[in-house]
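Trainee: I would like to learn how to read a protein model. Can we go through it feature by feature?

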Amino acid sequence: MGLRLEVSLILFHVGAVGACTVSVVQPGYLEVDYTSETVTMECTFSTTGCSSKQPRSLWFRCGTHQPEALCLDGCRNKADKFTVQETLDQNRVSLTVNRVSPNDSAIYICGIAFPHEPAPRAKQTGNGTTLVVRERLLSKEVHSLLIVLLVLFSVYITGVCVIFIVLFKSKSNSPRHRETKDDSQKKSARRIFQEIAQELYHKRYVETSQQPERDSTFENRRALPNFGRP
């Protein structure tokens, strides 16, 4: 109520006394992270029975401290903390908060007044936009550390997967290696057996072929006359 009264007094001194009616609409809630460079709050208004002269826009802030009027000088410079943009022919104004910080959390109230209109309702305010600026949960250093840890973890997982694949392939190839080794051993044993068999067969053939020669020699010796016997 105190804020409403103070805003009304400010609007009264701006020149709101006499038959037009102004209605002001603002978004009720706006939440941002303070890493945002800027945040803009919109304010729209409509008029009934007012003069064709342009109204004046005012902004007020109610936070932990006393309510304060913002941008009484217009705040047209973007280097300022606040910047006001007016598109009065479209019944629209906006307030931009530059270099956002958690201290900017407050209720921002938009006021529209026709200074030359005597009607009491020629000055009106919106219900205010509650701006909440959240602090970052993590600092830049912690954020960078988390990124590094995530990269290292990814490398670790990749290495484990590669080792697993290599071990799996080596295990799958070991039975084949054993089978190949067994086959080579069997072939080697078969070759040795064949060589021994061929050698035995050769010896047997030689003995068999020499036996008739010895028999014929013995028969020839028996058939010869014994000239030395009296």
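Mentor: Begin with a rule for sheets: two strands pair if DSSP finds at least two bridges between them. Keep in mind that this is a predicted model.

Trainee: In what order do the four strands of the open sheet come?

Mentor: The order is β1-β3-β7-β6. The pairing is antiparallel.

Trainee: Which strands stand at the edges?

Mentor: The edge strands are β1, residues 21-25, and β6, residues 82-87. Each has a single partner strand, so one side of each is left without a neighbour in the sheet. On average, neighbouring strands here are turned by 20 degrees against each other, with direction ignored.

Trainee: How many bridges join β1 and β3?

Mentor: Five bridges, in the antiparallel sense. Strand β3 covers residues 38-48. To see the pairing, find S23: S46 in β3 stands opposite S23.

Trainee: Let us turn to the cysteines. What is a disulfide?

Mentor: A disulfide is a covalent bond between the sulfur atoms of two cysteines. This structure holds two disulfides.

Trainee: Where does C20 find its partner?

Mentor: C20 is joined to C50, with 2.4 Å from S to S. The angle about the S-S bond is 85 degrees, and this link is right-handed. C20 lies in the loop between α1 (2-14) and β1, and C50 in the loop between β3 and β4 (56-62), so the pair ties together parts that are 30 residues apart in sequence.

Trainee: Is C20 buried or exposed?

Mentor: Apply the cut-off: buried means under 20% relative accessible area. C20 has 1%, so C20 counts as buried.

Trainee: Which residue is joined to C43?

Mentor: C110, with 2.1 Å from S to S. At -80 degrees about the S-S bond, the link of C43 and C110 is left-handed. C43 lies in strand β3 and C110 in strand β8 (residues 106-113), so the pair ties together parts that are 67 residues apart in sequence. C43 is buried at 0% relative accessibility. C110 is buried too, with a relative accessible area of 0%.

Trainee: Next, the backbone. Which value of phi does N91 have?

Mentor: N91 has a positive phi of about 55 degrees, although N91 is not a glycine. Look for N91 in the loop between β6 and β7 (92-98). N91 is partly exposed, with a relative accessible area of 27%.

Trainee: And where is R99 found?

Mentor: R99 is in the loop between β7 and β8. Phi of R99 is also positive, near 50 degrees, in a residue other than glycine. R99 counts as partly exposed at 46% relative accessibility.

Trainee: How is a pair of aromatic rings described?

Mentor: By the distance of the centres and the angle of the planes. In this structure the count comes to one aromatic pair. The rings of F82 and Y108 have centres 6.4 Å apart and planes at 55 degrees, so the pair is tilted. F82 lies in strand β6 and Y108 in strand β8, so the pair ties together parts that are 26 residues apart in sequence. Both F82 and Y108 are buried.

Trainee: Which residues touch the most other members of the largest nonpolar core?

Mentor: W59, F82, L95 and Y108 do, in a core of 28 residues. The elements giving two or more residues to this core are β1, β3, β6, β7, β8 and β10 (129-134).

Trainee: What is L95 in contact with?

Mentor: Leave aside the neighbours within four places in sequence. The contacts of L95 then include V39, M41, W59, L70, F82, V84 and Y108.

Terms used. Residues numbered from 1 in each chain as written. Predicted model: local features only at pLDDT ≥ 70, side-chain atom pairs only at ≥ 80, totals over all residues. Heavy atoms only, no water. Axes fitted to C-alpha atoms, helices over the stretch in contact; angles between N-to-C directions. Disulfide = S-S within 2.5 Å. Buried < 20%, exposed > 50% of the residue type's maximum accessible area, 1.4 Å probe, protein only. Phe/Tyr/Trp six-rings, centres within 6.5 Å; stacked < 30°, edge-to-face > 60°. Core = buried A, V, L, I, M, F, W, Y, C linked by side-chain atoms within 4.5 Å. Contact = heavy atoms within 4.5 Å.
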